[in-house]
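Hello,

Here is the structure I promised to send over. My notes on the chain contact and the salt bridges follow below.

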Amino acid sequence: MHEQREFIPLDKEQTPMDTPKRTIWIQALKVAFPHTIPILAGFTFLGIAYGIFMHSLGFHAMYPFIISMVVFAGSMEFITANLLLGAFNPVYAFFLTIMVNARHLFYGISLLDTYKGIGKKKWYMIFGLCDESFAINQSIDVPKNVDKGLVMFFVTILNQIYWVVGATIGGVFGYLITFNTEGLEFVMTALFVVIFIEQWMKEDRHVSSLVGIAASVVCLLLFGKDTFIIPAMIAILGILTLARKPLEKGRVSVQ
Amino acid sequence: MTMSIGQQIIMIAMVVLGTMLTRYLPFLVFPQGKPTPKYIQYLGKVLPAAVIGLLVVYSLKDIHVFKGSHGIPELIGVAVVVLLHVWKKQMFLSIAGGTIIYMVLVQTIF
């Protein structure tokens, strides 16, 4: 089914002859941007909240700016602030990070095929693979005449720009904001719910979607909100592995 | 802050290293030049749906069913998103609608 296909990166010599590179980029940006609008709202807000949080702990605005740029993993950045205020323990910091971010492993496995053959920008796209960019890029539909790799690249980089700009604004001016933003963080939940429904309407079997919800809820109840992710991942992996034979039987025509 | 700048840089570098390990590892273990094992290909197809489910639960993990607002604003917010999306299928409308309702709920009623 999915053998090694030859993918030709569109941004190399293979671009349609009459289309200049700039037009191709603008086309891709036009497709990418609308998908990132909810993230623009959510990340600017959460970024500012993160910047304010850092400011309140006494960190210079350079800290949220640099950390949001090099770490770019929301919850881990909040934890980093606590790590910096605690004892100097690099080994602990390293393993804690792996535990908190283990879900990225699943994103990578899910995107192995999607990110195939899109050239060097792939290495940045993996660097910037946050929850939201994963959710958008794995579900995005791109018109045939537009370079999908480039669209996914723009989704990734726009999302990071929103976050870094938000975090920096929060660090510098955050204490001036008086608008009541309580509840705005729900925009992220709404995004994930929408992508979940889109996926639900597209798929012909809901086994995997249901396993994802059920395993996560059960593990959340059993392990609590701080530690449920890794047990949930193990449960999802286990159930989907056991369900491989029956699931693959009915899938031949789908993929 | 008790750490020196050098120590802080090392701590941040460890967080970067840990994060990047979780992001790059699948792509390094299964490079695109080599055939990916069938089992991993299978996972690549079935995992996304499950992971989005995980993300939905993850984004709602701070709800306390027995305390405070009992998760009612979240329940209403999610219901609005689902209904709007099934009805109109406009991503931005569903997200904006659900979020605005949620904000009104937590700022005024709950």
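**The interface**

In this predicted model, the contact (heavy atoms within 4.5 Å) takes 99 residues from chain A and 73 residues from chain B. Together they bury about 7700 Å², and carbon and sulfur atoms give 75% of that. Buried area here is the accessible area (1.4 Å probe) that two parts lose on being put together, summed over both. In chain B, Arg23(B), Phe27(B) and Tyr42(B) lose the most area to chain A, together 10% of what that side buries.

**Salt bridges**

The rule asks for a side-chain nitrogen of Lys or Arg within 4 Å of a carboxyl oxygen of Asp or Glu. One salt bridge crosses the interface of chain B and chain A. Which residues form it? Lys225(A) pairs with Asp62(B), with the closest N and O atoms 3.0 Å apart. Asp62(B) is partly exposed at 45% relative accessibility, and Lys225(A) is partly exposed at 34%. Shared partners join Lys225(A), Lys61(B) and Asp62(B) into one network.

Within chain A, Lys116(A) bridges to Asp113(A) at 3.2 Å. Lys116(A) is buried at 10% relative accessibility; Asp113(A) is partly exposed at 32%. For these words, buried means under 20% relative accessible area, exposed over 50%, partly exposed in between (1.4 Å probe, protein chains only).

**Conventions**

Residues are numbered from 1 along each chain as its sequence is written, chains are lettered from A and ligands numbered from 1 in the order in which they are written, and side-chain values use heavy atoms, leaving out hydrogens and water. Local features need pLDDT of at least 70, side-chain atom pairs count only at pLDDT 80 or more, and totals for chains, interfaces and linings use all residues.

Best wishes
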